[in-house]
Each structure stands twice: as C-alpha cells, then as structure tokens.
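Please keep the sequence and the model in view while reading.

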Amino acid sequence: MALRSNSCHVYVALQIALFFIINSASVTGSSGQSSESLSALLPPYDELYYRGVRAYFMEEWERAAEFIEKSISTRETLLKTRRKCHDECLSAGDDRLSKLDALDGSLWDLWALDWIQLRAECVKFCMGRSVSPAGLLPVSSDIEYEFGTRNPYNFLQVTYYKLDKLQKAASAAHTFFVANPSHLEMRNNLEKYRRMTGMKDEAFQDREREHEKHWEMYDAAIQAESASDWLKAVMKWGECVNETLKQTEECRAQCVTASQVIPEEPDTVQGAYERAAALSLSLLSCKQTCVSLLSTRPGRVSAVEDFLPMQLEHLHIAQYKAGDLKRAVETLRSLLLFYPTDSDSLSNLQLYTQNLEGDTEAQETGPLQEIAMYVSRAQEEKRLLYFGMANLDFKFNDPDLWTPEDVVPESLRESWRAEKQLLHEKLKQGEKVEEVDDSGFYAGGPVPVVGVTITMDDQRLNGTNRVVLDGVLSQSECDRVMQLATVAASVGDGYRGRRSPHTPHEKFEGLTVLSALKLAQDGLVNQSDARLLHEIGETARVLMHSYFRSHSALHFSYTHLVCRSAIPGHQEGRSDLSHPVHVDNCILEPETRQCWREPPAFIHRDLSAVLYLNEDFEGGEFFFTDRDAKTVTANVKPTCGRLVGFTSGPVNPHGVTAITTGRRCALALWFTTKKHHRDMEREEAEAVWAADGHSVVKEEKDDGESPSNSARRGRSQVREKSKDRERVTGRRDEL
C-alpha cells in the first residue's frame, strides 16, 4: 500500500475526519432507535457511578454495591467495544486506496476523504449498535481520575464490609491498594482482613490485573533471570514483549474510537488547516502517551525509561544464554532499530554472527516485523508532532529516549541547544537557578499565636516557602516534653536506643502521640504531658496553616518526637551527617537535579515542620541545600521553642549535621491536604481521650468539602468511632 509523498497528508486527514465523524455519533448515532432497543445498549458508566456514590453516602449499601459494580463492568465492556469496532473497521474503504496512487491534486484529496469517511462511518455505526447515545458522550476529567486511581474499589471495600461480604471487601481493598501503595488506611485494612477468620488467599486478587498483565510477566521474567533459568527467562521475556505490544495497540485504539470534547472556538481566528492540524496533533499525542502509560507501574508516578527496548535487551541476552543464537540475532537487530549506533549492541551482534559461522540464513536474520513496524510508525508520528511544536506552538512531551535527532526540526534543536547552553553558563558562574514551587502554598501569611515571632523568612533562608518561628514553646514546656523523650529512650516506640537508621555514630529514640498515651495509661508518664505533646502539634498545625496560606484543610500525616544522641567513642574522624540531604515527598536525584514523586517517597506530604526542644548538644544543625544536595543555602541552629517550617517538595532539600556531643530532641511533623492520608494513630488517641471525658483540640473540618470531592480524595473511612478503644476481635470488628 504505497501512498508516496502524500502519505502524511492522508494520515493527518484520517485523524481529523475520525475525530469529527465519530464524535458526531455522540449526538446522532442512535437517534432513530426505539426506546426498547435503547434499553439494550450500554448506558453511560459515569451516571451509574454517580448513583452508586450517592447511595454510598446515604448508607444504602446494597444499591451502592450494585451501581458501582455496574459502572465498573459497563466501562470494561465499553473499552472492549471500542477495540472491536476499531479492528472491524480497519479495512473499511480500502478499495479507494488503489485510486490514490494514480491521482493527484484535488481529485486525490476527494478520494482520500472518501476513504477516510467510509472508515469513520464504519466506526460510528459499529459503536451505535452497542452503546447508547448518552454512553457515547465523553466523561468528565473527574470520572477519568476516579477510575484511573481505582477509587471505585475504595468505595466498594467499605460497602462490602458493611454488608458483611468480607471476601469481596478484601478483594476490593487489594485492588485499590495495588494502585495506591502509600495509602496508609488501606494498608491497615488489608492487614486486618488477613487476620480475619475464614479469609482465603484467593480474596487478595487484583481485579484489574487483565490490564496490567505485562507487569506480571515482567516480574516473572526478572525472577527467572535471577535464578539463571534461561529457558524460562526467554519464554517470559517473549511473553512480556508481546503483551506490551498488545496493550499498546489496545491503548492506541482507545485514542481513535473514544469520544472527546471538541474544543470551542478560540479567541483568535484560525484557519481551517490550523484547527485541523491542532486536532490531529492531539490524537497523535494521545497515541504517543500510550508509551508512558504502559511503562508506568500501578501506584507509580514515573514511567520506566526505554521500557520496550529494555525488554528486548533482556530477551536477546537470555536467548544467547539459552543457546538460541538465531533468535538472539533477530531480537538484537530489533533492538538496534531503536539505537542503531549503540556500541555494545553492535559488539554483541558481531559475537553472535561469528558464533553462527556457516549458517548464512541465521546470520542474515532481520528484526522482528512487529518491532520494525512499531519503530517506523512512531518515527512518522514524532515527525508530525515535532513539526507542530516548531511551527504551530503545539506542546508535546516525547515519552522516548531513543527518538532519532533527525526527526526533530533543526529550528527546534537549535532553540534547545541555546537553552541548554544558557543553563550551563548559569551553573558555571554559580548563579542560582530560580526554583518554582508549584505546591499551591505561599509563605507570608499571618502568625496567629501570641508570643510567636518570625525569625527568618524566605529572603533570609535563601529559598522559597521556608520560615523559622521562635517562641512556639516555653522552657517549661520543652522540659516536660524532654521528660517524655527520656522515657521513650527505654520503652517508647521500640527503638530503645538503637543505632540511628541514618548513621552508625548516633542512637535514635522515638515517640508518637498514641505511644505517649499508652505510657500514660501504664502510669509511666503524666497524662497531662502526653496531652501536651498532642496540643503542641495542634499549635504547629495552626501556625503552618496560616503562615503558608493553605488552600484547604490541613491534616496531620505523621507526628514523631525524635531524639538523636552522639555515641561516645564513635565520633573521631566522622564525616557523615546525622540525617542525609533529602526531600520529604519525592526521591531526590542530585546528579540530574530531579526529584521523583513516587513510592517509596511519602508523596502525600505537603508541609513539613521541625519543633526543637533543646540546644545543649554540639552539631545537629538543620540546613537547606540546592537540588545538588551540596550547595548549602541556609543553616538553622536548634533552640527550645524554635520551629522550622517549609513545603515538603523539591524546592526544599534539607539535612542535619552530625551530632558529636550530647542529645538533640525535636518534634517532627508532616501535614497533608489529603484527608485519607491523615494520621490514624493520632485520631485513635483523640478517641480514647474523648471516651474518657477529656476535651481534645481537634483539627478543623473542611466544611466546604462536597461528596464529589470526597470521592476524589478517596474519602472512605474504614475505622469507625466508638466509645470503646479499637481492638481487632473478629469478623464483626469495625476496621
């Protein structure tokens, strides 16, 4: 099927026509059908989901389970229908293609549009046979977010728990947790489900595993490789490559057949070609995004770089180890399509072909046809997208590292070189690159606590969203909390003077609010001192909420009284830090100045604070750095009642210098705007105090939170308040 020089025009036109014609099905696709026939068509899954969530908040558990389950199954059927229609209509209009090679000018355009329209109408008709007109409409970004984060299963696990269907509750909890591994409440719930009598291992299955099978195969291949089982590794890597290609085609098909919102008329007048090009480029960008989607594990934020080429590299090595040189050559030539000048791959190819001496057919084996088509298609799409970037101000993030340089227009490459050179000059001259904090917090708000003063602000701390406040605690309050820390040194959180997790030259003790309460119940500390620890945290929260002008309610994520002590006789020649430079909600990579916001980092943390209790030690200074983790931008010397507050993101890398003499104690606090990541231990302590008749200062409620926002944030509380202290007793225990 040769389209000569006009192939790109056909490709672009195809995207445009498909976009408009398929989307018109949303309004007119089934307008002539009777009400009886419409009832047999797929309803809109977003409507079913809204009805399920409404029933959930009305505590109509049977209806909630019914509608949320229907929304999940309806969405799954819709995705399969889109793929079926995409495949059925691939050959529609192909009889027109033979005329395109012999025509040019306006007649060529007319025949091309005829071919495109036939294919688009085929998709429209196919979808209309199975999906209702309302079901063809695009869903909102909120609904896409809900299903993308698997939040329906968050609702389901509570619903099934309420219905005493614990096997289904455990399955829903596990499915949600796979995509939300840092969700603390769900982790606790799963542990409790596992301890319940009669719970089967089969209950803990990922209900969405069908869409993530390539990761299952990936893990199996890695495991076989680690065991040096090369035959199994070959099989598993081959399955992983095939499944990745299959899932890629599935994703790309959704880009073509899914209804999308047609943009409104822009403020500035654009010609037909410009608007058509913008729509076409959006669809091409959607298809390229499939690379990132497929290479991102559930629960992770960042994609695995070079995911498909990496699989091919593992595969050819496994084939070589297993003695299958012919297929190793085939796989290696496939890898060279991505990186044709890679010296290691070329050396391996020479080695393989030398070992195949005498077998000319095997030596001349070409790349896998599927990979050759994958690379060729990707390059053509990238050419169009980069052309749009250079000439139409289109925004495109290339998901691949292997993209050939000649795919990018020279004008675009030149601008990139200039930007890189400018950045290099700034770094060379020691000029600080301006940091932008996109957290939504803004330092400089009022300090609402009497006696607390601002000692250092952004300017004095040489950074963004940083503050040092003094006078938060009195000396007597510091002394009382220090006494709590002394008890923690022997019984606290179980550290009992263990060596610090960050350095062998110090020991480490810790205490949470709940642990302090338990010590008070056991008569080891005063109840008033345990409550003081809680109240201090509330004061810090009020200060942080006000000074950083929080855009929503601020919840405790974790509170920890921590003491670090220098170990005598282990300080000579010491060059390490008490706490290495890090960022609180992402993984800092100083070499590239990147910070990856993904587990195991605590990605839900938004604001951080450290409240100091003493100063009778040497070392232990808090410091901020640049993203290189080397350039210190500010130092803070601890003293009783001094609080250091800052946003938890990449603009604020920080660490603690070595403690060489004495014991340094501080209350570390982290806050989040995400209610489902709040500190449940703290709430348990508050519930115990409330049950004992003590008033407790509670964090403010987010009265403006609507049910839809609650669903967005995963607002499912599996723990229930009761006047009895929460204990796991069996099947009917409230989680």
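The model is predicted.

Strand β15 covers residues 659-672. Of its 14 residues, 10 are buried, and the strand is mostly covered.

| Strand | Bridges to β15 | Direction |
|---|---|---|
| β5 | 10 bridges | antiparallel |
| β9 (residues 607-612) | six bridges | antiparallel |
| β10 (residues 617-619) | three bridges | antiparallel |

Individual residue pairs can be picked out along these strands. Val-610 stands opposite Ala-668 of β15. Glu-618 has Thr-661 of β15 as its bridge partner.

**Ser-565**

Ser-565 lies in strand β5, which spans residues 555-566. Is Ser-565 buried or exposed? Its relative accessible area is 5%, and because the cut-off for buried is under 20%, Ser-565 counts as buried.

Which residues does Ser-565 touch, apart from its neighbours within four places in sequence? The contacts are His-505, Glu-506, Lys-507, Glu-509, Gly-662 and Arg-663.

**Helix α23**

Helix α23 runs over residues 513-521. Seven of its nine residues are buried, so the helix is largely enclosed by the rest of the structure. The buried residues are Val-513, Leu-514, Ser-515, Ala-516, Leu-517, Leu-519 and Ala-520. Just after the helix comes Gly-523, with a positive phi of about 80 degrees.

Where else does the backbone take a positive phi? Asp-164 has a phi near 65 degrees, although Asp-164 is a residue other than glycine. Its place is the loop between α9 (151-162) and α10 (166-179). Asp-164 has a relative accessibility of 28%, so it counts as partly exposed.

Ser-228, also not a glycine, has a positive phi of about 60 degrees. The loop that holds Ser-228 lies between α12 (213-226) and α13 (230-257). With 46% relative accessibility, Ser-228 counts as partly exposed.

Note on methods
Residues are numbered from 1 along each chain as its sequence is written. This is a predicted model: local features need pLDDT of at least 70, side-chain atom pairs count only at pLDDT 80 or more; totals for chains, interfaces and linings use all residues. Side-chain values use heavy atoms; hydrogens and water are left out. Helices (H or I, at least four residues) and strands (E, at least two) are DSSP runs, numbered from the N terminus. Buried means under 20% relative accessible area, exposed over 50%, partly exposed in between (1.4 Å probe, protein chains only). Contact means heavy atoms within 4.5 Å. Two strands pair if DSSP finds at least two bridges between them.
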